Amino acid sequence: MPKEILVDPSRVMRPGWVETPALAVHAYARPIEAEIAARGAPALIEALRHMLVIREFEGMLAAFKAEGAYRGIAYAYKGPAHLSIGQEGAAVGSALALDPADHIFGSHRSHGEFLAKGLAAVARLPEGELDAILAAHDGGQLRDRVAAAMGREGRALAEDFLLFGFLAEIFMKANGFNGGMGGSMHAFFAPFGCYPNNAIVGASAGIAAGAALRRRLAQDGAITVAHAGDGATGCGPVWEAMNFAAMGQFGRLWQDGGGQGLPVLFFFTNNFYAMGGQTMGETMGWERLARIGAGIAPNALHAETVDGTNPLAVADAVARQRARLIAGQGPALLDVECYRLCGHSTTDANAYRTRDEIRLWEEADPIRRFAATLEAAGVLAAGAADALKAEVAQRIEAVTRAVTDPALAPPVDVAGDPTRIGRLMFSHREATLPATLAPGVGDPAGSAALRAIARKSRSGRGEDGAELPALRAITLRDALAEAILHHMIHDDRLVAWGEECREWGGAFGVYRGFSDILPHHRLFNAPISEAAIVAAAVGHAMEGGRSLVELMYADFIGRAGDEILNQMAKWQAMSAGALSLPVVLRASVGSKYGAQHSQDWTGLIAHVPGLKVIYPATPYDAKGLMAAALASEDPVVVFESQRLYDRVETHRPEGVPAAYYRLPLGVPEVRRAGRDLTILTIGPSLYPALQAATELAAAGIEAEVIDARSLVPFDYRPVLESVARTGRFLTVTEAAERGSFAQTVAATVARHGFSDLRAPPRVIGAPNWIVPGADMEATFFPQAHDIVDAVMADFFPDRRANRRGVRDWNDLDLARSGL
């Protein structure tokens with residue numbers, strides 16, 4: 001079904017001018033008397049107190065880093081401290097305008113945003129709900145420990161709980177909010193709306209956009225906020241995220257009632273510096289950060305520049321943007337100008353700025369200014385601000401004494417539980433698939449493409465035993481489609497996107513026919529923005545959705561490197577299991593397209609802890625493993641060989657079952673039994689290995705061929721049991737040999753099966769060179785004759801025949817040359 005958007009040359013080629021809206025700069029002018037009338041004096045005093053809490057909390061961290069002590073408390077804090085001293089007005093002003101149900105995603109410098117949002121939630125949540133949150137976390141143990149140590153109750157206890165849990169996490173204590181697994185730059189506490197801070201500059205932009213996608217679909221009346229610094233405007237993934245959130249299809253094609261964009265606010269805390277590089281005038285092209293919104297959408301994302309030293313100006317701007325987002329007019333952008341009075345980190349010598357500049361901004365200190373404003377308006381009596389500051393300092397000191405007491409905040413017991421971090425990477429849980437169809441889904445029989453699949457033979461062999469062509473039997477492509485479609489039509493939390501995923505049917509046809517039965521908000525085309533595709537999948541999953549995303553080629557993993565390797569892979573463990581990331585990332589391994597489109601990067605992905613990895617080579621496995629991946633609560637990367645999409649099922653006489661089924665991840669499958677040699681294959685190398693086994697059998701050598709099917713997890717027992725019988729081990733992969741998963745397997749077999757081996761294990765992979773074009777692939781990727789040659793040369797030299805392969809090079813000589 002083609003899209004309904006006409007590209008009319010008479011319109012798009014018409015002469016004219018592109019106009020952008022005027023952007024407000026420091027337009028806030030509301031008298032303090034009006035603020036007092038609207039918010040009440042106590043709320044304004046509370047805002048000042050929250051700013052003082054942030055300042056004292058960060059001053060405490062600075063003291064520990066600089067002197068090893070704070071107010072007589074000695075403690076050796078070894079972690080980082082990226083402080084936001086001077087930026088408190090921005091953090092508190094933002095939180096002042098947000099609802100407890102709104103979610104913020106932070107940066108490496110987000111202590112202030114975390115505390116401001118948490119303190120605001122404590123102040124506004126109904127007491128019953130607040131009590132339930134404290135009771136639910138860790139079974140109430142942290143609440144009880146804090147109550148016993150601090151002696152307070154009600155909202156005061158909730159504040160102590162917030163400060164204790166956050167500081168304990170920064171100090172990486174066992175009862176920190178994230179079990180000590182996150183630390184300063186990754187802490188969060190979701191029940192207060194504080195979603196993960198992020199150590200990677202700008203990384204929260206795409207995650208927050210994905211979270212906003214889920215919030216739009218859930219229609220929960222809340223927004224997300226992506227916090228970033230001005231330096232993040234130089235990051236490509238930030239631009240990708242803003243464009244993703246503003247895609248025209250939201251308002252033109254989607255029929256979910258969510259308006260024109262995603263309900264996400266891109267909140268740039270603009271302190272004029274990245275680290276030492278000055279953004280305005282040095283490293284960026286803009287003179288006003290707000291201007292970048294005009295490069296994304298006709299409405300310039302409603303961008304404006306705001307005085308970040310005035311919490312009321314920030315609250316006013318955030319409230320107006322929030323109203324727009326709730327009304328379906330998102331996304332939005334704020335350029336919140338303020339100044340970092342401290343260094344980038346505690347080792348920063350401030351060599352990049354002058355003392356005169358710092359002194360100028362000290363006069364604009366948000367706490368000093370706001371306190372003076374409240375005093376002038378009669379909200380604060382003379383000296384009240386100092387008294388408030390002293391009270392806050394006593395509270396931070398009390399919390400700090402408690403957290404530095406190992407009896408109250410014990411360190412993570414690595415010695416007693418050395419595998420804890422590893423266990424937290426995966427939950428190994430599976431979701432229960434609803435039995436009924438999801439709302440808004442059409443009948444699969446209404447799609448000609450899906451009807452064509454239904455008419456095919458389930459087995460890849462005809463009655464005469466001959467292999468059937470792809471047009472007559474279920475292929476690996478079809479098997480993937482069946483598993484995916486079953487999940488899509490039964491689970492409305494599952495949303496799929498990627499490049500050309502809808503009308504095109506996916507670049508390689510796996511989704512062919514899906515657009516006939518799935519609405520746009522369940523299956524949509526993403527921009528060519530691999531970073532945003534994956535980051536949004538992570539955020540969508542964090543908010544309770546399930547994400548299925550596709551990268552057209554595995555080579556494009558590099559365009560989403562951080563999002564896959566640092567975000568998708570790490571948040572389950574860094575959250576101590578509090579977060580689930582049911583994300584399935586599909587990546588096809590190319591063929592015939594040469595060096596930038598035909599690389600097997602399974603070794604790279606398997607190397608990174610926190611990702612499950614599968615690589616099915618048969619239709620039966622493709623359907624069962626994809627179903628298991630989609631049911632998994634853990635992130636899974638699915639590699640799919642383009643050369644296998646049209647393979648039919650020839651290994652099981654019954655073929656691919658029409659009914660839904662799952663296969664366990666991590667279990668290799670014996671494809672051919674043998675007594676003389678074990679061959680483990682990864683992905684498409686199964687087929688040349690089986691051909692080689694047939695040729696070897698003619699020479700009297702019976703090879704046992706095992707299909708890995710999964711890389712992570714991977715059960716070595718069937719392989720080691722086979723090696724114990726055969727005494728010889730060869731593994732075959734199409735990935736470059738150096739650093740491949742095949743090398744890892746060979747090393748593990750050598751270690752654990754050493755006593756059974758009659759010869760060293762052998763790895764056959766692609767050469768450590770760039771992938772050539774189509775005409776040379778047969779001399780590059782391992783072929784059957786290469787396997788036979790290697791077996792004869794390394795394991796059976798007395799039966800060695802004439803070499804038929806071209807792999808007549810010396811591995812050691814090539815390695816010495818860097819090849």
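The following questions and answers look at the overall build of one predicted protein model and at one of its sheets.

In this predicted model, local features need pLDDT of at least 70, side-chain atom pairs count only at pLDDT 80 or more, and totals for chains, interfaces and linings use all residues. Residues are numbered from 1 along each chain as its sequence is written, and side-chain values use heavy atoms, with hydrogens and water left out.

Visitor: What radius of gyration does the protein chain have?
Guide: The radius is taken over C-alpha atoms, and the globule rule is 2.2 Å times the number of residues to the power 0.38. For 819 residues a compact globule would come near 28 Å, and the value for the protein chain, which agrees with this, is 30 Å.

Visitor: What share of the residues in the protein chain is buried?
Guide: A residue is called buried when its relative accessible area, found with a 1.4 Å probe and protein chains only, is under 20%. Of the 819 residues in the protein chain, the buried share is 58%.

Visitor: Which strands stand at the edges of the open sheet of six strands?
Guide: Strands are DSSP runs of E with at least two residues, numbered from the N terminus, and two of them pair if DSSP finds at least two bridges between them. The sheet has parallel pairing and the order β1-β7-β8-β6-β5-β4. Each edge strand has a single partner, so one side is left without a neighbour in the sheet, and these strands are β1 (24-25) and β4 (103-105).

Note on methods
Buried < 20%, exposed > 50% of the residue type's maximum accessible area, 1.4 Å probe, protein only. Helix = DSSP H or I, 4+ residues; strand = E, 2+ residues; numbered from the N terminus.
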